[in-house]
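Colleague: I have a model on screen and a few things to ask. Can we go through them one at a time?

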Amino acid sequence: MKAVILFGSPRKKGNTIQLVQALTDALIKKGYSFHILYLNDLNIRPCQGCYACLKDGSCKINDDMKKVRKYIMESDIIVYATPIYWFGPSAQLKLAIDRSIAFMDSDYNSRIAGKKAITLITFADNNADTCQPTKDIFKKTFDLLKLNYKGGVEVPGCIDGEEIKESYKKKINKLADALL
Ligand SMILES: Cc1cc2nc3c(=O)[nH]c(=O)nc-3n(C[C@H](O)[C@H](O)[C@H](O)COP(=O)(O)O)c2cc1C
């Protein structure tokens with residue numbers, strides 16, 4: 001099994017990467033391969049809303065979304081990893097989600113139906129409700145794209161420079177166990 005991780009934080013040594021690290025450790029143990037796409041390093045332009053992609057899946061914009069698309073098409077599992085920015089996913093990840101319109105066809109059938117999806121979310125607030133709008137966006141997105149949502153781990157109270165608690169890493173291991 002192959003996984004692609006859409007990494008939405010600009011910080012490669014922050015909180016969200018710790019969840020990704022826990023997941024990739026678990027995936028390695030299972031013999032899965034994975035690729036992390038650091039979206040902040042990629043040139044991904046905003047969707048221009050032309051709908052040209054619905055015809056054959058190819059986007060008119062010639063940028064790094066081609067690379068994202070290639071990895072998504074080749075993968076069995078798509079991991080959406082993001083900090084909460086103003087109650088939503090980071091702009092880096094939202095750009096890739098908007099451009100995912102190219103995974104729909106003219107009848108709004110999904111070209112990536114059946115692939116598995118996982119979400120990893122960190123945020124500073126201690127109130128768990130803070131990530132609910134983001135969870136709702138993911139759920140509705142996965143419903144439309146006909147992705148098989150395998151669950152997620154959300155970590156509140158993420159203060160800079162602190163290590164993520166072991167209990168969350170255990171949750172991530174369980175998530176990896178449930179992937180088959
Ligand atoms: C621009 C910006 C907006 C943020 N908005 C929220 C927010 O709405 N709610 C919240 O709880 N935390 C918010 N945070 C805090 C981050 O979600 C949190 O620190 C996260 O764990 C950072 O992840 P990272 O270290 O992987 O970048 C925000 C941080 C930034 C920089």
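Colleague: How many helices and strands does the protein chain have?
Modeller: This is a predicted model. Along the sequence, the pattern runs β-α-β-α-α-β-β-α-β-α-β-α. The total is six helices and six strands.

Colleague: What radius of gyration does the protein chain have, against that of a compact globule?
Modeller: The C-alpha atoms fill a box of roughly 45 × 35 × 25 Å along the principal axes. For 180 residues, a compact globule would come out near 16 Å. The chain agrees with that rule, at 16 Å.

Colleague: How far apart are the end C-alpha atoms of helix α1?
Modeller: Helix α1 covers residues 16–29, which is 14 residues.

Colleague: Which residue just after α1 takes a positive phi?
Modeller: Helix α1 itself has buried residues, including Ile-17, Leu-19, Leu-23 and Leu-27. Their cover includes β1, β2, β3, β5, β6 and α6. Just past the helix, phi is positive, about 85°, at Gly-31.

Colleague: Which exposed residues sit on the face of α3 turned away from its buried side?
Modeller: Start with the buried residues of α3: Met-65, Val-68, Arg-69 and Ile-72. They cover an arc of only 100° around the axis, so they lie on the same side of α3. They pack against β1, β2, β3 and α4. The face turned away carries the exposed Lys-70 and Glu-74.

Technical notes: Residues numbered from 1 in each chain as written. Predicted model: local features only at pLDDT ≥ 70, side-chain atom pairs only at ≥ 80, totals over all residues. Buried ≥ 20, exposed ≤ 12 C-beta atoms within 10 Å, placed from the backbone. Helix = DSSP H or I, 4+ residues; strand = E, 2+ residues; numbered from the N terminus. Arc of directions from axis to C-beta. Contact = placed C-beta atoms within 7 Å. Expected span 1.5 Å × (residues − 1). Rg over C-alpha atoms; globule rule 2.2 N^0.38 Å.
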